[in-house]
Amino acid sequence: MTLDDLRGQEQAVGILRRALERGRLAHALIFAGPSGVGKRTAAHALAAALLCREAPGRGCGSCEDCHLVATQAHPDLVLEDLERAREEKPTATRLSIDQMRRVRSRLAMRGVRGERKVGIIDQAELLTIDAQNALLKTLEEPPGKTALLLICPHPDALLSTIRSRCQCVRFAPLEKGILTEILIGEGVEAESAESAAALAEGSLDRARTLTADDGLAYTRELRDKLGALPGTSIPHLLDLAAELAGPRGEKGRARQQLNRAVTLDWCRDHLLDAARAVGTPPEDETDEPHEGLDELRRALQRAEIAYATTREFERNANAHLAWDRLLLGLRGAR
Ligand SMILES: [Zn+2]
């Protein structure tokens, strides 16, 4: 994968390509924007462009350097993310100061295959304050020919001292048509591709999750479970929370995002339905107008709970606890 292969992010890619052509790429960059739109792919493509010696500044996509970057095995590419934090400490929910010290010391070493070194910090929003301060040292005195790429949906999660030392490149949600084309190109049937693209809110990860493992049916099932929450026993509800918080790994991350997105969608749809019902005059005299208002109040309460929990997820609070609270809140809304 080279920068040229990245679909639907012409603006961000244009900024990177021009900087590469002029040899003026910033030492440190933040790739910002919603999840699943290609920030990680772009970071790896940029790393390939920097480390490829066949087509320097562009990446050829087929040499050994490019191949090693693609398989995350290039000795001059340093990667840190939550998965790596969990290899050391399985319960980790943040990126640690040790990880940032490791980035610093590895970037300071001589390159193994060439002169350049690249560091990618994925999920940078999960850096602890200590870890951010450790990272700051690397940003203040960037070692030789290095580039540091921070992938972070919301740069506000980073200290202003970090942000001010990085160039921020924004990635936009992908257009529906592009999502559909990509999915069809990956062998998904046109009809499923279109349905998934419509539900994906610009995220390729989410669109892929929807088409893989019958994600569209999974989405319908989850919405049914949310609808049945008021009649669900607490033990069942806690099981469901564990299930929704559970999946890990690269695929798990996409599924977790899907779970949150479906829940938010469900609350939003519920709110719109309730608002519409209140706005529509009763069909006959026997309809009690209070019924609709009560439902609207409940829907509002549910939406508030869901949005508040979304912020918790973004701050990476304990996902399991957050789901417990969210489902209990949705169940108890009255
Ligand atoms: Zn190459």
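Is C152 buried or exposed? I looked it up: C152 counts as buried because its relative accessibility is 0%. The cut-offs I use are under 20% relative accessible area for buried, over 50% for exposed, and partly exposed in between, with a 1.4 Å probe and protein chains only.

Ground rules before going on. This is a predicted model, so local features need pLDDT of at least 70 and side-chain atom pairs count only at pLDDT 80 or more, while totals for chains, interfaces and linings use all residues. Residues are numbered from 1 along each chain as its sequence is written, and side-chain values use heavy atoms, with hydrogens and water left out.

**Entry: cysteines**

I searched the whole structure for disulfides (a pair of cysteine sulfur atoms within 2.5 Å) and got zero. C152 is in none, and the nearest cysteine sulfur to it, that of C168, sits 8.5 Å away. From the C168 side, the closest cysteine sulfur is in C152, and 8.5 Å is too far for a bond. C168 has 34% relative accessibility, so I log C168 as partly exposed.

**Entry: salt bridges**

My criterion is a side-chain nitrogen of Lys or Arg within 4 Å of a carboxyl oxygen of Asp or Glu. The search of the whole structure returns 24 salt bridges.

For the labels, helices are DSSP runs of H or I with at least four residues, strands are runs of E with at least two, and numbering goes from the N terminus. D122 is buried at 6% relative accessibility, whereas R40 is partly exposed at 25%.

Next I checked R101 and D98, whose side chains meet in a salt bridge at 3.6 Å, N to O. They are three residues apart in helix α5 (residues 97–108), so about one helical turn separates them. R101 is partly exposed at 48%, and D98 is partly exposed too, at 43%.

Then E115 with K145: a salt bridge, closest N and O atoms 3.1 Å apart. E115 lies in the loop between α5 and β3, and K145 in the loop between α6 and β4 (146–151), so the pair ties together parts that are 30 residues apart in sequence. E115 counts as exposed at 62%, while K145 is partly exposed at 46%.

I also noted a network of salt bridges linking R53, E64, D65 and R113.

**Entry: a helix pair**

Two packed helices are described by the angle between their axes and the distance between the axes. For α10 (residues 204–211) and α11 (residues 215–227), the axes come within 5 Å and cross at roughly 90°. That makes α10 roughly perpendicular to α11. My axes are lines fitted to C-alpha atoms over the stretch in contact, with angles running from 0 to 180 degrees between N-to-C directions. Angles under 35 degrees count as roughly parallel, over 145 as roughly antiparallel, 65 to 115 as roughly perpendicular and the rest as oblique.

Which residues meet there? T209, L210 and T211 in α10 meet G215, L216 and T219 in α11, with contact meaning heavy atoms within 4.5 Å.

**Entry: A228**

A228 and R331 are 103 residues apart in sequence, yet 8.6 Å apart in space, C-alpha to C-alpha.
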